[in-house]
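Here's a quick briefing to read with the model open beside you.

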Amino acid sequence: MISKTRTSIINVVIIIAILYKANIVLSDDNSLIPADRSQVDSWFNKNVGPLKQRKSTLEPALVDAEAGAKVIKVMKDGSGQFKTITDAINSIPTGNNKRVILKIGPGNYKEKITIDRSKPFITLLGTPKNMPNLTFDGTAKQYGTVDSATLIVKSDYFVAANIAISNSAARPDGKRSGAQAVALRISGDKAAFYNCQIYGFQDTVCDDRHNHLFKDCLIQGTIDYIFGSGKSLYLKTELRTLGTKDVTVIVAQARKSASEDYIYSFVHCDLTGTGTRTFLGRAWMSRPKVAFAYSSMSNVIDPEGWSNNMHSEYDKTIFFGEYKNTGPGAATKKRAKFTKLLSDAEAKPFITLGIIQGSKWLLPPPNF
């Protein structure tokens, strides 16, 4: 008969083992992004391992979907199964529950593409050296702002890799009504963009809602060229502002309540472009929550850094944070008074995969 003392010891050992295993499962969300940019890719590869290593940590629906992946070739020259991306997407059944990879050949695909919420687990995959360009010229005047996007993704578990997305409408001149033109609108949950290039002017990316990752991407624009209510991590992504002598703005977030869980975190990003009057963000709504960490800021950034959008009453509710950024645009001496210079402890929530609950759904970028 086992003594009560021995039973207690066994129970303690079991509990410790369970806790240890739980810690391993969640370690990718808790692991901090390295301050040294040269270590970021190895850190990411360690924490976002392949499917075969992560089946016990990923959402079961995602594991099942990846196990039955299907490939569809889209080629403009007719050598694939489809010539257009729209036709390929239309071939995917409603209620799809398996990963469908659209391998897209080079060229310009002039299409206005929508992926409905009933079609999750879709991947758009191009080649790094010869990216396909998804392009259209829709404007807010024609479609409304968020529906003007060249690519609209409403479904969950979307992935794009090595894809260029552009809106070819003319640059707004401040005189034409409804000239805003979105390139990408991402509304689905658990979406990842790897090595994508997204081009536009005003309102380039509608980071609409839910959890998203942008890694090794380029996003180009002028005014509010990342906007919406998403909860997103931008990692090693270039933000290229096409500025002039006029004011330009990178981020406009729609958070307006303390209960809304919207966050944009920019880590190890490169802020480049032209002009010298670019603001990191403006208070489009009353409670924006945005942070830049470990990022390189050129002199395109206005010394003030942030704008309350002429709403001084927002000064007490704004969360515009900065942490260990570098470059001439990162000087904080003349920053707006409501700027939050983050301590190590305050910065932690913004520099982990936990901000987007990455342990549950993130997988490495696909290979062509």
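Let's start with Asp315, which counts as buried at a relative accessibility of 17%. Keep in mind that this is a predicted model. Asp315 has a salt-bridge partner, Lys337, and that lysine counts as exposed, with 74% relative accessibility.

**Salt bridges**

- In the Asp315–Lys337 pair, the side chains meet at 3.9 Å, N to O.
- Asp315 sits in the loop between strand S23 (306–307) and strand S24 (319–323), while Lys337 sits in the loop between S24 and strand S25 (339–341), so this bridge ties together parts that are 22 residues apart in sequence.
- Some bridges share partners: Asp41, Lys215, Asp216 and Lys236 are joined into one network that way.
- Searching the whole structure turns up 20 salt bridges.
- Another one to look at is Glu59 with Lys190, where the closest N and O atoms are 3.8 Å apart.
- Glu59 is in the loop between helix H3 (51–54) and helix H4 (60–67), and Lys190 is in the loop between strand S10 (184–186) and strand S11 (191–194), so here the pair ties together parts that are 131 residues apart in sequence.
- Buried or exposed, for Glu59 and Lys190? Both of them are buried.
- Arg240 and Glu238 also bring their side chains together in a salt bridge, at 3.2 Å from N to O.
- Arg240 is partly exposed, with a relative accessible area of 26%, and Glu238 is partly exposed too, at 23%.

- Ser166 belongs to strand S9 (residues 164–167).
- With a relative accessibility of 9%, Ser166 counts as buried, because the cut-off for that label is under 20%.
- Which side chain does the side chain of Ser166 make a polar contact with? It's that of Thr135, at 3.0 Å.
- Setting aside neighbours within four places in sequence, Ser166 is in contact with Asn133, Leu134, Thr135, Phe136, Thr150, Ala183 and Tyr199.

**Nonpolar cores**

- The largest nonpolar core has 56 residues.
- Which of its members touch the most other members? Those are Leu102, Phe158, Phe193, Phe214, Phe266 and Phe292.
- Take Phe266: leaving out neighbours within four places in sequence, its contacts are Ile226, Tyr234, Leu239, Val251, Val290, Ala291, Phe292, Ala293 and Ser295.

**Positive phi angles**

- Tyr294 isn't a glycine, yet its phi is positive, near 55°.
- You'll find Tyr294 in the loop between strand S21 (289–293) and strand S22 (296–297).
- Tyr294 counts as buried, at 12% relative accessibility.
- Lys324 is another residue other than glycine with a positive phi, this time about 50°.
- Lys324 is exposed, with a relative accessible area of 52%.

Methods
Residues are numbered from 1 along each chain as its sequence is written. This is a predicted model: local features need pLDDT of at least 70, side-chain atom pairs count only at pLDDT 80 or more; totals for chains, interfaces and linings use all residues. Side-chain values use heavy atoms; hydrogens and water are left out. A salt bridge is a side-chain nitrogen of Lys or Arg within 4 Å of a carboxyl oxygen of Asp or Glu. Helices (H or I, at least four residues) and strands (E, at least two) are DSSP runs, numbered from the N terminus. Buried means under 20% relative accessible area, exposed over 50%, partly exposed in between (1.4 Å probe, protein chains only). A polar contact is a pair of N or O atoms within 3.5 Å; within protein, one must be able to donate a hydrogen and the other to accept it, and residues adjacent in sequence count only if both atoms are side-chain atoms. Contact means heavy atoms within 4.5 Å. A nonpolar core is a set of buried Ala, Val, Leu, Ile, Met, Phe, Trp, Tyr and Cys residues joined through side-chain atoms within 4.5 Å.
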